[in-house]
Amino acid sequence: MITRKVSAALAAGCTVVIKPAAETPLSALAFAELAQRCGFPKGVINVVTTSTHTKEVGEALCSNPLVSKISFTGSTNVGKLLMSISSGTMKKMSLELGGNAPFMVFDDADILAAVEGLISGKFRNAGQTCVCPNRVYVQKAIYEEFTSLLKTRVSKLKTGSGFDPQTDVGPLIHRKALEKVAGLVLDAVSKGATIVCGGKHAVVENMKGVFYAPTIITDLNSDMQLHDEEIFGPIIPIYTFDSEEEGLQLANATRFGLAAYAYTRDIGRAFRVSEKMQSGMVAINSASVSTNCAPFGGVRISIHPF
């Protein structure tokens, strides 16, 4: 993310100030170090790290007239705040905010491909990306088969250190993230959901990290918190739908609109779904929606590029 955004600014002849997340400052510092080794003059790429003065740094960058543009990746609430502060100096802004990506599997889909696509899309970085599938909708005719195959695959995933080449799912970013994920599962279960596999804190030998077991959860409804919140963890919630129209209605029933996914062998359906899905990016028969060769963007409250 840092590379993509900073590269665009540098290509336009701008200098940049990077304020990394307090939890992950090292990637930004490494980027700046590499840029210096490559010959970038001092002052072209700058990094400000802080875990105690985040609000003050954000306000300074957004209100300073010397700053021409703000590019932010984070929550919708913080994005709104930054936009409000930046309005005083009429800054340009690119805001990549929350997501609640639907993942639709139609009854004519290649089920094995859909299962593998869901696993690769959902469990990368332990589910902690803005474009991870967040709500999985499976057409009723294939629901049992799909869920059974998915359970078999997910149950074999290994949770552990990211430095271990055998690891499939790594840790969450911090304990608050673990508590959030566990809380979403507990809320769903208290309202009638069923845990198919996982659903608990994972214990990894000789490690004290915050791990959560890869989880599948079913018997869901829209009253549960995980239906409307970005999960940001290794949880697959599975819902069902009858018709294409119902599936699209359910998929679009969110304020967010960053990414969406659909699996179908029907080329006509593929075009209809991609056109009617209210999302900035739609992947058909793939778990990848982004590439450096194509624009990255969303609609609704997920992103506001201008």
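Helix α6, residues 143-154, lies across strands β5, β6, β7, β8 and β9. Its direction is at about 170° to that of β9 (235-241). The model is predicted.

- Seven strands make up an open sheet with mixed pairing, in the order β7-β8-β9-β6-β5-β10-β11.
- At the edges are β7 (194-197) and β11 (281-284), each of which pairs on one side only.
- From one strand to the next, the twist averages 25°.
- Strands β5 (residues 101-105) and β6 (residues 133-139) run parallel and are joined by five bridges.
- Ala 101 has Pro 133 of β6 as its bridge partner.

**Helices α5 and α6**
- Two packed helices are described by the angle between their axes and the distance between the axes.
- The crossing of α5 past α6 is right-handed.
- On the α5 side, the residues in contact include Ile 111, Leu 112, Val 115 and Phe 123.
- On the α6 side, they include Phe 146, Leu 149, Leu 150 and Val 154.

**Helix α3**
- In helix α3 (residues 54-63), the buried residues are Val 57, Gly 58 and Cys 62.
- Viewed down the axis of α3, these residues fall within an arc of 125°, so they line one face of the helix.
- They pack against strand β3 (69-73) and helix α4 (76-86).

Note on methods
Residues numbered from 1 in each chain as written. Predicted model: local features only at pLDDT ≥ 70, side-chain atom pairs only at ≥ 80, totals over all residues. Heavy atoms only, no water. Pairing = 2+ DSSP bridges. Helix = DSSP H or I, 4+ residues; strand = E, 2+ residues; numbered from the N terminus. Axes fitted to C-alpha atoms, helices over the stretch in contact; angles between N-to-C directions. Contact = heavy atoms within 4.5 Å. Buried < 20%, exposed > 50% of the residue type's maximum accessible area, 1.4 Å probe, protein only. Arc of directions from axis to C-beta. Left-handed = near helix turned anticlockwise from the far one by under 90°.
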